[in-house]
Amino acid sequence: MGKFGEYLKSAIKQIIGNGYRTAMTMLGIVIGIAAVIAVVALGNGMSAYVTNSLNDLAGNYGIFTMDTSKTSERFTQDDIDLVMEYLPDIKGMSPDVEGLGKVKGKKDTFECYVNGGTQAFEHAFSNGIAKGSYFTSQQVETGARVCVMLLDDAKKLFGTEDAVGREVDITVNGKTATYTIIGLRDHMNDMYQFIMEGQDYYAQIEMPYTAMGSDFDMKTDEFSQVILFDDQSTLNESVNKAKEILTNKHGLRGTTAISGYSMADFSDQLDKILGYAQDFLLLVSIISLVVGGIGVMNIMLVSVTERTREIGIRKSIGASTGAILTQFLAESAILTLLGGIVGIILGIILAYIICSAIGFDVIITPSSVAGAALFSILIGLFFGIYPARKAALMKPIDALRL
């Protein structure tokens with residue numbers, strides 16, 4: 001440790017003695033490490049934001065679709081009852097009856113999407129009921145003319161969010177019926193606003209699927225699509241079990257007539273895509289680190305040339321090849337470590353500035369910081385090998401002659 005300590009002291013003395021050169025040499029490493037830290041933090045923040053926003057927007061559900069080109073079978077209420085019997089812990093299951101139409105309020109009329117389902121459809125979106133209540137199983141059974149919409153839609157239709165108890169005229173398939181608003185969902189998140197920006201405005205209406213059948217001549221005794229609602233932690237397992245139950249019930253084992261996927265699957269795929277984008281940006285940052293490492297190598301070569309006589313004197317009085325090699329490698333490693341530390345600090349500052357400006361959470365993991373510091377040292381050692389070896393292999397007589 002004594003000799004190694006001397007090498008470190010000598011390396012630090014050389015670095016401090018050439019302050020301007022040290023700063024210029026460190027610059028490439030500082031920029032590279034700062035870029036790595038900022039990119040990792042930005043990628044983590046972006047991934048968390050998109051995943052959370054997607055879950056908030058879509059809720060946690062699985063969709064089962066019957067491919068009508070492969071079978072004449074259809075889903076029925078019996079299918080839903082059977083799945084609920086075998087999976088009593090799920091939040092619920094519902095047919096998904098969809099329609100396009102118009103909704104007319106006191107203030108204005110808009111195009112609308114209409115979703116018909118059971119009381120379980122309340123779990124379709126994570127923005128819960130802010131005012132009023134959702135329709136009940138009794139209202140589904142009786143085909144009650146009640147509906148739920150967004151607070152934003154209520155404000156556009158009536159000029160106020162206090163719309164519970166008011167009536168709207170809904171037209172689907174050329175037929176019009178008057179419905180009473182019994183519940184208003186909370187505002188949609190920023191992700192929804194981003195997706196819908198620039199598109200034609202459509203109000204979102206939810207109602208008992210039985211009412212859609214009686215009022216708008218829509219088929220409600222069999223369905224091509226049903227939805228299962230559950231917690232995200234158990235969603236994939238529930239979807240797989242429900243798919244097996246439905247496949248067996250309809251005698252479609254060994255076919256692909258029934259497809260089932262969950263929002264958890266979509267989230268996983270999205271995470272992979274975001275991961276690829278983050279890896280690409282990280283690769284670009286690492287390239288800048290490599291460029292910085294080449295700069296370190298060039299400066300160390302200049303240092304070797306300038307200190308040729310010093311190297312000759314040291315070797316002539318007994319300094320070993322290993323001692324010279326270790327000293328120059330120590331200089332290179334310390335130089336890049338200092339650059340790495342400054343780069344980490346700068347990267348954290350940049351991450352906070354960028355993420356705060358965009359609206360992402362700042363997620364900086366200890367592993368990314370430790371990895372950046374270790375990588376900066378490895379860069380110094382790798383690109384310092386050639387200059388250090390050149391210095392170590394000098395013959396004393398040749399070095400003293402220059």
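View A. A salt bridge here is a side-chain nitrogen of Lys or Arg within 4 Å of a carboxyl oxygen of Asp or Glu. The structure has 10 of them. Keep in mind that this is a predicted model, where local features need pLDDT of at least 70, side-chain atom pairs count only at pLDDT 80 or more, and totals for chains, interfaces and linings use all residues. Residues are numbered from 1 along each chain as its sequence is written, and side-chain values use heavy atoms, with hydrogens and water left out.

**View B. Aspartate 217 reaches lysine 175 across a stretch of sequence.** The two side chains meet in a salt bridge of 2.4 Å, N to O. Aspartate 217 belongs to the loop between helix H7 (209–216) and S10, while lysine 175 is in strand S8 (residues 175–185), so the pair ties together parts 42 residues apart in sequence. Helices (H or I, at least four residues) and strands (E, at least two) are DSSP runs numbered from the N terminus. Aspartate 217 is exposed, with a relative accessible area of 55%, whereas lysine 175, at 37%, is partly exposed. Side chains of opposite charge can pair when their charged atoms come close.

**View C. Helix H7 is largely enclosed, and a positive phi follows it.** Six of the eight residues of H7 are buried, so the rest of the structure largely encloses this helix. The buried ones are Tyr209, Ala211, Met212, Gly213, Asp215 and Phe216. Asparagine 173 is in the loop between strand S7 (167–172) and S8, and it is exposed at 54% relative accessible area. Most residues other than glycine have a negative phi.

**View D. Lysine 219 and aspartate 221 form a salt bridge.** Their side chains meet at 3.6 Å, N to O. Lysine 219 counts as exposed at 53% relative accessibility, and aspartate 221 counts as exposed at 51%.

**View E. Aspartate 230 is buried and has no salt bridge.** Look for it in the loop between strand S10 (225–229) and helix H8 (232–249). The nearest side chain of opposite charge is that of lysine 91, 6.6 Å away; Lys and Arg count as positive and Asp and Glu as negative, with His and the chain ends not counted. What does the side chain of aspartate 230 join in a polar contact of 2.9 Å? That would be the side chain of threonine 234. A polar contact of 2.6 Å joins aspartate 230 to the side chain of serine 238. Polar contacts are pairs of N or O atoms within 3.5 Å; within protein, one must be able to donate a hydrogen and the other to accept it, and residues adjacent in sequence count only if both atoms are side-chain atoms.

**View F. The second largest pocket has a volume of about 240 Å³.** A pocket is an open set of points on a 1 Å grid over the protein atoms alone, where a 1.4 Å probe fits and protein lies on both sides within 12 Å along at least five of seven lines; lining residues have an atom within 4 Å of a point. Points are joined across faces, edges and corners, and the volume is the space filled by probe spheres set on them. The lining has 14 residues, with Gln77, Ile80, Met93, Thr118 and Gln119 nearest the centre. Helix H3 (77–86), strand S2 (92–95) and helix H4 (137–142) each supply at least two lining residues, and H3 gives the most, four. Six of the lining residues are nonpolar, five polar and three charged.

**View G. Phenylalanine 75 is buried at 0% relative accessibility.** Phenylalanine 75 lies in the loop between strand S1 (61–66) and H3. From phenylalanine 75 to threonine 65 is 10 residues in sequence and 8.7 Å in space, C-alpha to C-alpha.

Methods
Nonpolar A, V, L, I, M, F, W, Y, C, P; charged D, E, K, R; others polar. Buried < 20%, exposed > 50% of the residue type's maximum accessible area, 1.4 Å probe, protein only.
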